[in-house]
Amino acid sequence: MGLLPAPERRTEEQRATAAAATDAVRSLRAVFLDTHVDAVYDELTEARTRHLRVAELASAAAEAFPGLVPTTSQLETEGIRAQAGKEGHEIDQGIFFGKVLGSPLAGPHLLDAMLRPTPRALAILPEFTRTGRADLGSVRMERTDGVARLTMCRDDCLNAEDNQQIEDIETAVDLALLDPAVEVALLRGGEMTHPRYRGKRVFSAGINLKSLHGGGISLVDFLLRRELGYIHKILRGLVVEDGAAWRPRTVEKPWVAVVDTFAIGGGAQLLLVFDHVIAASDAFFSLPAAKEGIIPGAGNFRLSRAAGTRLSRQVILEGRRIWATEPQARLLIDEVHEADALDEAVERSVERLRGPAVVANRRMLHLAEESADEFRCYMAEFALVQALRLYSSDVIHKVGRFTAEKEAQR
C-alpha cells in the first residue's frame, strides 16, 4: 500500500489493485484464525490466566503475531485521518475479534475480561465512596440516599457518544457497581447549551457523526468497548474476584433510565438493558442506523426480543420514530409522564427497586432473556460486519455530507 497514493487520491484502477491485494491477505488471516484462534488467544493471555481488554488484546496480538492485526503505529497514522482517508486497517481487527468471540473457548474468557472494573474506576473509587461525587468529564455522578445518579453532560453535542464518553461512562458504571453504599443506579441526560435545546434535558443523540467523519470513532475503543464494556456491565454486573468460588462472581444492581426529549441511536439501544425506563410525554425513540449506514450495536439483537420482529424492522430498517405516547412505546418504556412530574416518578421507581430480592430476580430474568453465549455469538458477527460498514463508501459519503451540512448551518 505504501507505493500507492493516499486512499482518497487513488484512481479506480489503483483502488481495484489495493482491494485485490487486501482481500487476498485477509483471506489468509481468516483461514489462519479459523485453525489457530484458540492457540493465539492462549499465547496472548498465558493460557487464559491474564484478562486482557479488547484494546490490550489487539495491541498484544500486533506485537506477538506481526501482520495479524494493525500495529499501534498504523492505527496512530490512521487516527489522524478523516474516515475517507483511511486504509481500513480496523477491518483486520474486525476479523480478529470476530474469530476470538466466535470461539467457545476464547470468547467467554474475553467477555469475562471486559466485565472487570477498569483501572481508572479502581483509582477513583476510594474518593467516590468517601464523598459520593465524581466529575468524569462527560459524565457527572452523585450518590444520594443509596442512589447513584449519573448525568450525561455533553451539552455541546446533545450527549452524542464518542471515544471519550465511552471511557467516562464505563468508569461511572463501575463506580456505581463497586460502591457498597449504592443500592440503585439512575442514568439521565443533563441540560443542554445547544441553541435548539438550550436549557432542556436531552438523553442522547446517539453516535457522534462529526467524530465519525473525522476518523475519531474507533472499532475497538468505541464500538466493541461500548457493547462489551459498560452496556454489558449494566446488564450482567461486574466480575469481582472475592476468593469464594461458590458465590456468584458478579456484582449487580438495578438500573433506571429517564428519557427527556429523545433517545436516538445508541441512546435507544441503552434502554434495552435497563430495568425501568421513564420517559417524558414529548420524548421519542429511534434507531436510524440503516440511514447512517452502520449497525446499531446489539440493538438488532435485543429490540426484536423486546418489541417483536415487525416493529423492530420498522424502527431499524425504515427509520420509524416511536413517540412516548404511542401504545407501542410501552414495549420500550415503563412509564410516561409530563415533564413536571418526572422527578417524582423517578423517586418512586428507585424506591421500588430497593427490595432485597430485586437483584437476584433481575439476574434470573436476564439469564432467561439473553444468555451470555447468544450475546457472544452475536458480537462475533457484529465485530466484522460493523468494521466493514465503517469503511463502506455509503457511510463515508453520508457522514461527510452530514458534517458539511452542519458546517453550513454554522
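Of the 111 residues in the largest nonpolar core, the ones that touch the most other members are Phe96, Phe97, Met141 and Leu150, where a nonpolar core is a set of buried Ala, Val, Leu, Ile, Met, Phe, Trp, Tyr and Cys residues joined through side-chain atoms within 4.5 Å, and buried means under 20% relative accessible area with a 1.4 Å probe, protein chains only. Helix α9, residues 219-236, gives the most to this core, with 10 residues, helices being DSSP runs of H or I with at least four residues, numbered from the N terminus. Apart from this core lies another, of 7 residues, including Leu158, Tyr197, Phe262 and Phe284.

Please keep in mind that this is a predicted model, in which local features need pLDDT of at least 70 and side-chain atom pairs count only at pLDDT 80 or more, while totals for chains, interfaces and linings use all residues. Residues are numbered from 1 along each chain as its sequence is written, and side-chain values use heavy atoms, with hydrogens and water left out.

Turning to a helix pair, α4 (residues 90-102) and α16 (residues 372-390) pack at an angle of about 170 degrees with their axes 8 Å apart, the axes being lines fitted to C-alpha atoms over the stretch in contact, and the angles running from 0 to 180 degrees between N-to-C directions. The two helices are therefore roughly antiparallel, a term for angles over 145 degrees. Among the α4 residues that meet α16 is Phe97, contact meaning heavy atoms within 4.5 Å.

Finally, Thr171, in helix α7 (residues 163-178), is buried, with a relative accessible area of 0%.

Notes: Parallel < 35°, antiparallel > 145°, perpendicular 65-115°, else oblique. Buried < 20%, exposed > 50% of the residue type's maximum accessible area, 1.4 Å probe, protein only.
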